[in-house]
Amino acid sequence: MKNAEIAERRTSAIARGVGMMTQIYVDRAENAEVWDVEGNRYIDFAAGIAVVNTGHRHPKVMAAVEEQLGRFTHTCHQVMPYENYIRLAERLNNAVPGDFEKKTIFVTTGAEAVENAVKIARASTGRQAVIAFGGGFHGRTFMGMSLTGKVQPYKAGFGTMMPDVYHVPFPIDLHGTSVEDAMGAIRQLFKADLDPARVAAIILEPVQGEGGFYPAPAALVREVRAMCDEIGALMIADEVQTGFARTGTLFAMEQYDAAPDLTTMAKGLAGGLPLAAVTGKADVMDAANPGGLGGTYGGNPLGIAAANAVLDVIEEEELCARANELGSKLRQRLEGMREWCPNISDIRGPGFMVAVEFAAPEGKAPDADFAARVRAEAQKRGLILLTCGVYGNVIRFLAPITIQDEVFAEALELLEQSVKAAM
């Protein structure tokens, strides 16, 4: 088979709305390397968008899935439950930031986790409104899409969004928006459009993912926490992309001095299998009536088995420390490129959730074309990169945290070559 032949079939068979970043059709993968149907090898700096933090087909994760396959693949936990579902919930309750009793539910996708977090917040507070941040990404379902702070391509053409969702600017010093600006926008919202007594929750990403890998300033997190306490709302941390060692701690919110009431997670949780969760204060999580939460596939046995193995791997292989080590080396290499590449306007990100932002050397306007050229040049050389950002001018680096040293060093060489070729 050829990539081009499959791409032609795809055009005829798959809806246009499912976007494609490459036309590379995968045949097999191992840790941080992928081979396509033509036998071409690529180094994967996307990791399925931060899903396989523990690498493609980690042996311990695969063994756990195979063992579960030999027992059963589905009963629906709401019909016939299973112990490892409870064990995973216990582990997340202990691991998620917050010095209070917690409970967990399992669903299937990150968007579904966000939807359920909003349901729980509304049930717990008896309120309806939710405040989110511009540039944030919370999914493509209707509530997730409504919370997402980016119109193209996520909202365009889909009509009226869900009611009682409000957006305020996310503080980004590089683009001239401060924490004071963001909090001032919330206070202005309370004066002009929204009674604070109607706010169920404020949701934020500790590091904006699709929005451009902008870390939330510590002052923002503290002030959002204080505001939620003041008005009786809940704070939701969307850790779908930041979770599971990516930022150098199991959860990014561990790096702040304020804990959320509810935490959403997915992506890296189950090493490539679809699994998501919401973990939060026990009394808040118990607000919904029995049957109000859950789903047929929520907490699928294979995903649960994989997730328990992922947590073991993160601990045994010290992947939080590994993420900090890899991220430091990547940032150092990017800083070296800044000396000869005037298009680099910023390098940022905690742990191994690193991004580089490109701007025109004169005027510093966001340069999406340059980012696209770097991505294309990297792909020619066998390195898979992802762009992101409201302006499309950011390249985000999401290689598996288990990447071998020699493969990582090779990838950095390919990256440097690609930046030079794009100039």
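Trainee: To start with the rings, which residue lies over the face of Trp35?

Mentor: Arg28 does, at 4.1 Å from the ring centre; a charge is taken to sit over a ring if NZ of Lys or CZ of Arg is within 6 Å of the ring centre and within 35 degrees of the ring normal. Before we go on, keep in mind that this is a predicted model, where local features need pLDDT of at least 70 and side-chain atom pairs count only at pLDDT 80 or more, while totals for chains, interfaces and linings use all residues. Residues are numbered from 1 along each chain as its sequence is written, and side-chain values use heavy atoms, with hydrogens and water left out.

Trainee: And what lies over the face of Phe100?

Mentor: That is Lys281, at 5.2 Å from the ring centre.

Trainee: How many aromatic pairs are there?

Mentor: The structure holds 10 aromatic pairs, and ring pairs link Phe45, Phe352, Phe397 and Phe408 into a cluster. Rings of Phe, Tyr and Trp (its six-membered ring) pair if their centres lie within 6.5 Å, with planes under 30 degrees apart counted as stacked, over 60 as edge-to-face and the rest as tilted.

Trainee: Back to Trp35: which way does it point from β2, and is it buried or exposed?

Mentor: Trp35 points one way from β2 together with Glu33, whereas Val34 and Asp36 point the other way, and all of them are buried. Buried means under 20% relative accessible area, exposed means over 50%, and partly exposed is in between, with a 1.4 Å probe and protein chains only.

Trainee: What stands opposite Trp35 in β3?

Mentor: Arg41 does, and Glu33 likewise has Ile43 opposite in β3. Strands β2 (residues 33-36) and β3 (residues 41-44) run antiparallel and are joined by 3 bridges; two strands count as paired if DSSP finds at least two bridges between them. Helices (H or I, at least four residues) and strands (E, at least two) are DSSP runs, numbered from the N terminus.

Trainee: How does β1 pair with β2?

Mentor: They pair in the antiparallel sense over 4 bridges, with Val26 opposite Asp36 and Glu30 partnered by Glu33. The hairpin of β1 and β2 has 2 residues between the strands, and Asn31 takes a positive phi near 55° there. In the hairpin of β2 and β3, which has 4 residues between the strands, Gly39 takes a positive phi near 90°.

Trainee: What order do the strands of that open sheet follow?

Mentor: The order is β1-β2-β3-β13, with mixed pairing. Because β1 (26-30) and β13 (383-384) stand at the edges, each with a single partner strand, one side of each is left without a neighbour in the sheet. Helix α13 (residues 405-422) packs on this sheet, touching β2, β3 and β13, and its direction makes about 95° with that of β3. Contact here means heavy atoms within 4.5 Å, and axes are lines fitted to C-alpha atoms, for helices over the stretch in contact, with angles running from 0 to 180 degrees between N-to-C directions.

Trainee: New topic, then: which residues of helix α3 are buried?

Mentor: In α3 (residues 59-69), they are Val61, Ala64, Val65 and Gln68. They cover an arc of only 95° around the axis, which puts them on the same side of α3; the arc is that of the directions from the helix axis to the C-beta atoms.

Trainee: What covers them, and what is on the face turned away?

Mentor: The cover includes α4 (83-95) and α10 (301-316), while the face turned away from the buried side carries the exposed residues Pro59 and Glu66.
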